[in-house]
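Good morning, and thank you for coming. Please look at the sequence and the model on the screen, and I shall then take you through several of its regions in turn.

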Amino acid sequence: MKKPKTVYLSDYTPSLFSIIKCDLVFDIFERYTIVTNTMYIVSKKESKELLLNGENLQLLKLTCNGVEIKDYKSDDTTLVLTDVPKEFTLEIVTKILPHENTELEGLYYSSDMYCTQNEPEGFRRITYFLDRPDVMSIFTTKIIADKKSAPVLLSNGNFIKSGDIDSSRHYAIWHDPFKKPTYLFALVAGDFGNISDSFTTINGREIELNIYCDKGNEPRCHHAMSSLKKAMKWDEEVYGREYDLDIYNIVAVDSFNMGAMENKGLNIFNSAYVLADKDRATDQNFLGIESVIAHEYFHNWTGNRITCRDWFQLTLKEGLTVFRDQCFSADMNSAVTQRISDVKALRERQFVEDASPTAHPIKPEKYIEINNFYTATIYEKGAEVIRMIHTMVGAKRFRAAMDLYFKTFDGEAVTTEDFLWAMSEGAGIDLTQFKRWYSQERTPLLHVKESYDKSTNIYILHLRQEIPESVDGTKQSALHYPLSIALFDANGRTYIEKLLHVRKDEEKFVFENIDSKPILSINRNFSAPVKVIHKDTDHAFLMRYDSDGFNRYEASQSFSIEVLFNLMKNSTDSCNDYLDAFGAILDDKNLDLMLKSQILQLPSTTIMMQAQNIIDVEAIYRAKKILKELIFARFEDKMSDIYKKLHNPLNSEIDSENIGKRAFKNLLLKFLMVSQKDDKIELASRQYINSITMTDRIIALDLLENHAPEIAQKYINEFYEKYKCDTLVMNKYLSILAAADRDDVLQRVRSLENDPVYDIKVPNLVRSLIGVFARNARHFHAKSGEGYSFIADKIIQLDKINPMIAASLSSAFKSYRRLDEVHQKLMKNELERIISTNSLSKNVYEIVEKILKA
């Protein structure tokens, strides 16, 4: 295929035209939609040529100031007008086919509704426009559709009026008084149920709140509504940000490429992040909904009112807003358990990305397909960069800097440099070296050594930064970051707690009056997104006594990784010490149960794979099985007793205390089920049968599937029959089967592709079946190569339907260069087969080409 064009940040130039306002009319018919786009345009520099973006459009009419234009040029992606006036009104009428839009970008039809997704470049599939984030306009939208099939007509901003066109068709008009780029435009039309509420702002304004969903799902929207009101209140209290429109609408849809979209006044959500009740949603579903609802609401100021100048600045809105939603979730629940969850996600997704051929800075310099940069690096690492600023300046100075940012740049499309200026100016901090975090990729390593002189009572902490080379081999420079440390004596008494600033390649910090050799706790609360290399860490001590909850978790993870690597070498060194520390946590009556469940959880296979130079999945599985068996052998009775005390099948409360109880006792059940003893299998069976929460039932079902498959089959069938009409629950069903450890997993996945509940055009279902299988390390990396071949087949198939989902699936091959020779050869064959496919999308091409280059 012809190599797609690369877009470079260095080539950015401001638009030569402004679109002051845009009036849109959507005339929606059964098989097509007519879009009339009337724009008032002003040339900034007497430019005579106007280039508009457009894809898959049929041009029906084109006029300038009421006069038909015949002299224009067009191709598959642009419409070019020459000799345009300085100020003019341009009317463009296009015909589009939402029913044929399987890419789910622009306006599409799915599940009996019309919906848009325009970030980043979907609007050009609706009409010709300057489809770039630095062109901001005032939009007024009129929607015309059939009364029966689309009684609900929604768009951005405030509702103006509605009425009948004739006996069968009606219209609604919406106006957004705030200028916005095209990626924030939204339209929804269909037949929905809804729930309504209101929120009174800090200045006494009453805001109408609505959540729309498929009819019958209204009772499952109340948690989302409660989460929205909490987020609105929190943003007023913490950042002083008041909502600015009269109405706030959310729509839940099943077919959606992303998690959610912050369109001004009309948020469109993947239904997985709206719908929940105790019968069909897990505790993690409830927490996830609270977080994502907040994230999209917070975008109103950090993303909508102030937006990105260009797509290279994506972390400007996403990294900042992820940081804000993480802080919100920490305030709503437990700060330490939220921090652990955030870092765990960062390590399992972003650290993997940073170590791969697709690594990129949080502010990339180039891309082929911008959709490929909605990544954990842009989002989660971007959030960590913001968090480091917050850590260095403190909450008060950070708020002052944010106030300056809002005051200075409200209504503008800006850059990360503008944000860093506000942080530096408003918080009074020099960020000259710190800004390297925006331009450098890879995860930094921090090598730690200690020395202690008993005769002088002086302790010295020696630090050495190691910044890996970039993907293209460029040497990278030392970074500036905060490093939180503490020193303890042997009894757990704190000598010192301090925030250090690391700036140099090598440096040392000297501490006086330390009367015995201290025990170091470093990078407390994960103050910087780095990998700490410290061979002398006293993991057992820190597991028991560290006053920082995150570092107790960190010590446990590091200790268990050490033990697992010893077991891979057939050594039981450190096992007894680890089990002693495990038992101490098990017995600790003062620990929050959710935190306890996180501390005692073994590292994931993904984390273990990162720690290997050459990936050996089978060795990881064997070592984890042995360690689980050792834990069972030592603590069977104790874990059984605790499980029985905590298990309450009729409790369905979703407060922090009860979520923690379920998390801890379910972790213990996982350890107990390793034995495959009849009485433990009975525990899991009873939990599935008697529990009223999806959390307890789905975990029991998963454990039975992996440890007692013959017994599990009955419950699997019952579960399917009960929930087969509920897509969100079927996502869970498919995930359990695709993630299983059975020998016939791939055959079952192939069979499930033909099940009536599966639809390859629905992204959630693809993620749950195909995506989960691709993360099933043992079967994806099967020695036969069947796993690689299957995923390659799916990528090629999906690329014709939805390139964005196909590209995300391509990321499964990121581990290519860290495989052994046999697996590399098998994976390379599949990668070459993918990239040689005719008409391959630039989405998939960009990722596969980078991996092959490795």
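This is a predicted model: local features need pLDDT of at least 70, side-chain atom pairs count only at pLDDT 80 or more; totals for chains, interfaces and linings use all residues.

How many of the 8 residues of helix α22 (residues 803–810) are buried? The answer is 7, so helix α22 is mostly covered. Buried here means under 20% relative accessible area, exposed means over 50%, and partly exposed lies in between, with a 1.4 Å probe and protein chains only. Helices (H or I, at least four residues) and strands (E, at least two) are DSSP runs, numbered from the N terminus.

Residues are numbered from 1 along each chain as its sequence is written, and side-chain values use heavy atoms, with hydrogens and water left out.

To return to α22, its buried residues are Pro803, Met804, Ile805, Ala806, Ala807, Leu809 and Ser810. Their cover includes α19 (763–774), α21 (786–799) and α24 (842–853), where contact means heavy atoms within 4.5 Å.

Let us turn to helix α6 (residues 416–427). Its 12 residues reach 16 Å from the first C-alpha to the last, close to the expected 16 Å; the expected span is 1.5 Å times one less than the number of residues. Thr416, Phe419, Leu420, Ala422, Met423 and Ala427 are buried in α6. These residues lie on the same side of α6 because they cover an arc of only 155° around the axis, the arc being that of the directions from the helix axis to the C-beta atoms. In general, an α-helix has 3.6 residues a turn, so residues three or four places apart point the same way. Among the elements covering the buried residues of α6 are α3 (314–332) and α5 (376–409). Glycine 428 follows α6 and has a positive phi, near 65°.

Phe419 brings us to the nonpolar cores. A nonpolar core is a set of buried Ala, Val, Leu, Ile, Met, Phe, Trp, Tyr and Cys residues joined through side-chain atoms within 4.5 Å. The largest has 159 residues, of which Leu50, Leu90, Tyr405, Phe419 and Leu461 touch the most other members. Helix α5 gives the most to this core, with 15 residues. A second, separate core of 123 residues includes Met608, Met609, Phe632 and Met730. Leaving aside neighbours within four places in sequence, the contacts of leucine 90 include Leu50, Leu52, Leu62 and Cys64.

Next, the sheets. In which order do the strands of the 4-stranded open sheet run? The order is β29-β26-β25-β31, with mixed pairing; two strands pair if DSSP finds at least two bridges between them. At the edges stand β29 (506–511) and β31 (531–533), each with a single partner strand, so one side of each has no neighbour in the sheet. The twist averages 25° from one strand to the next. Strand β25 (residues 445–453) runs parallel to β31, joined by 3 bridges, and histidine 447 stands opposite isoleucine 533 in β31. Strand β26 (residues 458–466) pairs with β29 in the antiparallel sense over 6 bridges, with arginine 464 opposite glutamate 506 in β29. The covered face of β29 holds Glu507, Phe509 and Phe511, and its uncovered face Glu506, Lys508 and Val510.

Strands β19 (residues 247–253) and β21 (residues 266–270) run parallel and are joined by 5 bridges.

I close with some backbone features. Most residues other than glycine have a negative phi, and most peptide bonds are trans. Aspartate 83, in the loop between β8 (78–81) and β9 (87–96), has a positive phi of about 55°. Aspartate 112, in the loop between β10 (106–110) and β11, has a positive phi near 65°. Each counts as exposed: aspartate 83 has a relative accessible area of 60%, and aspartate 112 has 60% relative accessibility. Finally, a cis peptide bond joins glutamate 119 and proline 120, with omega about 0°.

How values were computed:
Axes are lines fitted to C-alpha atoms, for helices over the stretch in contact, and angles run from 0 to 180 degrees between N-to-C directions.
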